[in-house]
Each structure stands twice: as C-alpha cells, then as structure tokens.
Amino acid sequence: MPAQFPQARLRRLRSSSALRDIVRETSLKAEHLVYPIFVEEDTDEFTPIEGMPGQSRIPESRLADEARRLSALGLRSIMPFGISHHKDETGSDALKEDGMVARMVRIIKEAAPELVVIPDICFCEYTSHGHCGILKGNTVDNDLTIKNLGIQAVQAAKAGADIIAPSSAQDGQVAAIREALDEAGFEDIPIMAYSTKLASALYGPFREAAGTELKGDRKTYQMDPMNRREALRESLADEAEGADFLMVKPALAYLDIMADIRRNSLLPLVAYQVSGEYAMIKFAAAQGVIDESAVVRETLGSMRRAGADLIMTYFAPQLLEEGL
Ligand code: PBG
Ligand code: ZN
C-alpha cells in the first residue's frame, strides 16, 4: 500500500519552483515544434489572416528571408502550405516539377538547409472545387487521387523535402506514396501520415487562410469525430502501410485518441493544433479573459502528456521568442 496522509503529503514535492522543476513529467522544447506556414504565389505582400491573429500569408518572393528568420529564431521544422493562383479541376499544379509544392521546398531548403522541411501533400489548395483530390460526382475518387498523391510526393522529394506529409485522407494513400517514393529512389524519405484526421469544425480559419474554394464538406473521406475505435483503426492502418510517423488532427479535442494511439503503436506521434484551436486561444486572450502564454503552454503540454512527440502549432515562433 502506498503511504497515505498524514505520512504522505503530495504538497511536499511542490514547495518551490526548483522542486517542481525536477519532478515535472512533461517537457516542451524547440525540437518538439513544427510550424505550419502559408505561402502565396504571384504577390510581394504579406497578407494578415483575419481569423488567425499574428499569422500572415507569406509571399513566395520573400519566403527565403522568412525561412532564414525562423531558423535564426531556433525553429527546427516547418510545414509549407501553398496558396495557389493556378487552380484547376485536378490540382495539376501540385504535380509539376516547377509547381508550388516543389518551389516552396526548394526555396526553404536553399535558404535554410538546416530546417526540416515537411511539405503538406494534398490537392485542396490546388483544385478549383477545393476538395482534397480528383472529383467523381460529389466526392473524391480515392484510387485516382492516391496515384496523384504519389506523383506529388515524388516531386516534393526531388525538390529536397525531408519528410512527406500526406493530408488528403484517402484510403491507401500511405502505401501508394511509399511505393512511388521507393520506385523513384527515395526509399529513405519518411512519411508523416495524417493518420487520424477528423472531419472537424475547427479548420475554419485555415480554409480562409489557404483560400480553399470548398463548398460542402469532407465527411466522405475525413473521419467522424464521434468514433474512438475507428480513430485507432485509421492510424494502425497507416502504420501497416509503412507510415513513419502517425498524427492526430485536431489535437485538443482528441487527447483520448492520442493516448490510445500512444498505447498501441511504437511510432513517433504528432499532434496538430489546428487553426480553430489557435483562434480560440487568440481571441479569448484578446478579450483579456485568459493568459495567452500560460494557456498555450498548458494545452501543448496536454498533447505531450497524452503521448505526442511532435506538435504542429501556429504558436511555434511566438514560443521560441518567449523562450521555452
Ligand atoms: C486539408 C487540410 C486541412 C488543414 C490542413 N490541410 C483541413 C481541411 O481543410 O479539411 C487544416 C489545418 C488547420 O485548420 O490548421 N488537406
Ligand atoms: Zn486537402
């Protein structure tokens, strides 16, 4: 039997900050953070994103400077999203050797080779209808789309991507990308699977930021937020297909699922604190009702505690500036 009060007093280990430091179970460090950025082509202006105070669309023409600035801040990993002005039915820009995905990777790798570049691999930023792949009727054609995801992944790898992160939420996408990468000689490039991706209402500000044209929803390919068993099944399926990292997205409302995956897989696990989560903290703090920095640390800490190794967060530069 463990000692009980009055022999045991849990307060004994809390009496000073030095003592609290040495018994703290969870840490948050620069290497745990991945910063998602929005890069816009055909403009020289930074455009502030209304729904995400503090975030802007970065013009492609100034991406090199921005990458150097972020790296100097201590950022380790970056995930570029493209804002395309060349959208079409199939998202063909993303398949091109000189399309936005490849260009963003090349620019960042050239400007700041030490940054781990993890391009998002999907089609919603490049399709005129805003869906994450080729349409058949009013849903995405799974099998055609995963072939194209393989092509896009190879273009990103050729451009110098360190990790490939497919977010399209199609069945078999990890296996299709693994096969395409291996065939092209990129067997050493890891895949960070958006393995458990929910059809969440928390992506609103992102869709504004990325300028996606989506009408309707993604409920035929993204998962129902109400399903805990299926959430684990999704991640284990990606592991079986050869994923090198698993991910839960969004993060804060899905800590149970993160903990389930942590117990059922040995792979590194990523939490994506999405745009709506960022906005909730930013707007509440702007109203003066919460302490922003403390809430950011508490919520990111909860993701680490639930089992996440890495956290994708729009707060990354702010945390590095404040100091971790
Ligand atoms: C889609 C994609 C989404 C996000 C990143 N890539 C969600 C969606 O539009 O369904 C959301 C990220 C965020 O909200 O921060 N491939
Ligand atoms: Zn998408």
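The questions below concern a predicted model.

Q: Which word describes how α7 and α8 lie to each other: parallel, antiparallel, perpendicular or oblique?
A: The axes of helix α7 (residues 228-240) and helix α8 (residues 255-264) come within 10 Å and cross at roughly 45°. Angles under 35 degrees count as roughly parallel and those from 65 to 115 as roughly perpendicular. The two helices, α7 and α8, are therefore oblique to each other.

Q: Is the crossing of α7 and α8 left-handed or right-handed?
A: On the side of α7, the residues that meet α8 are Arg228, Ala231, Leu232, Ser235 and Leu236, while α8 brings Asp256, Ile257, Asp260, Ile261 and Asn264. By class, the residues of this contact of α7 with α8 are five nonpolar, two polar and three charged. As for its hand, the crossing of α7 and α8 is right-handed.

Q: How many nonpolar residues does the contact of α8 with α10 have?
A: The axes of α8 and helix α10 (residues 292-306) come within 8 Å and cross at roughly 30°, which makes α8 roughly parallel to α10. From α8 the contact takes Leu255, Met258, Ala259 and Arg262, and from α10 it takes Ser302, Met303 and Ala306. Sorted by class, the contact of α8 with α10 has one charged residue, one polar residue and, as the number asked for, five nonpolar.

Q: What is the largest C-alpha distance between the residues that UniProt marks as "active site"?
A: An unreviewed UniProt entry places the feature "active site" at Lys197 and Lys249, and both of these residues belong to the lining of the largest cavity. Lys197 has its place in strand β10 (residues 196-197).

Q: Where is Pro250, which a cis peptide bond joins to Lys249?
A: Most peptide bonds are trans. The bond that joins Lys249 and Pro250 is cis, with omega about -5°, and a cis peptide bond also joins Phe5 and Pro6, with omega about 10°. Whereas Pro6 is found in the segment before α1 (17-23), Pro250 is found in the loop between β11 (246-249) and α8.

Q: What value is phi of Asp42 near?
A: Asp42 has its place in the loop between β1 (33-40) and β2 (47-48). Most residues other than glycine have a negative phi. In Asp42, a residue other than glycine, phi is positive, with a value near 60°.

Conventions
Residues numbered from 1 in each chain as written. Chains lettered and ligands numbered in written order. Predicted model: local features only at pLDDT ≥ 70, side-chain atom pairs only at ≥ 80, totals over all residues. Heavy atoms only, no water. Axes fitted to C-alpha atoms, helices over the stretch in contact; angles between N-to-C directions. Helix = DSSP H or I, 4+ residues; strand = E, 2+ residues; numbered from the N terminus. Parallel < 35°, antiparallel > 145°, perpendicular 65-115°, else oblique. Left-handed = near helix turned anticlockwise from the far one by under 90°. Contact = heavy atoms within 4.5 Å. Nonpolar A, V, L, I, M, F, W, Y, C, P; charged D, E, K, R; others polar. UniProt positions renumbered as here; feature names shortened; annotations may be inferred. 1 Å grid on protein atoms, 1.4 Å probe; cavity = no way out; pocket = protein on both sides within 12 Å on 5 of 7 lines; lining within 4 Å.
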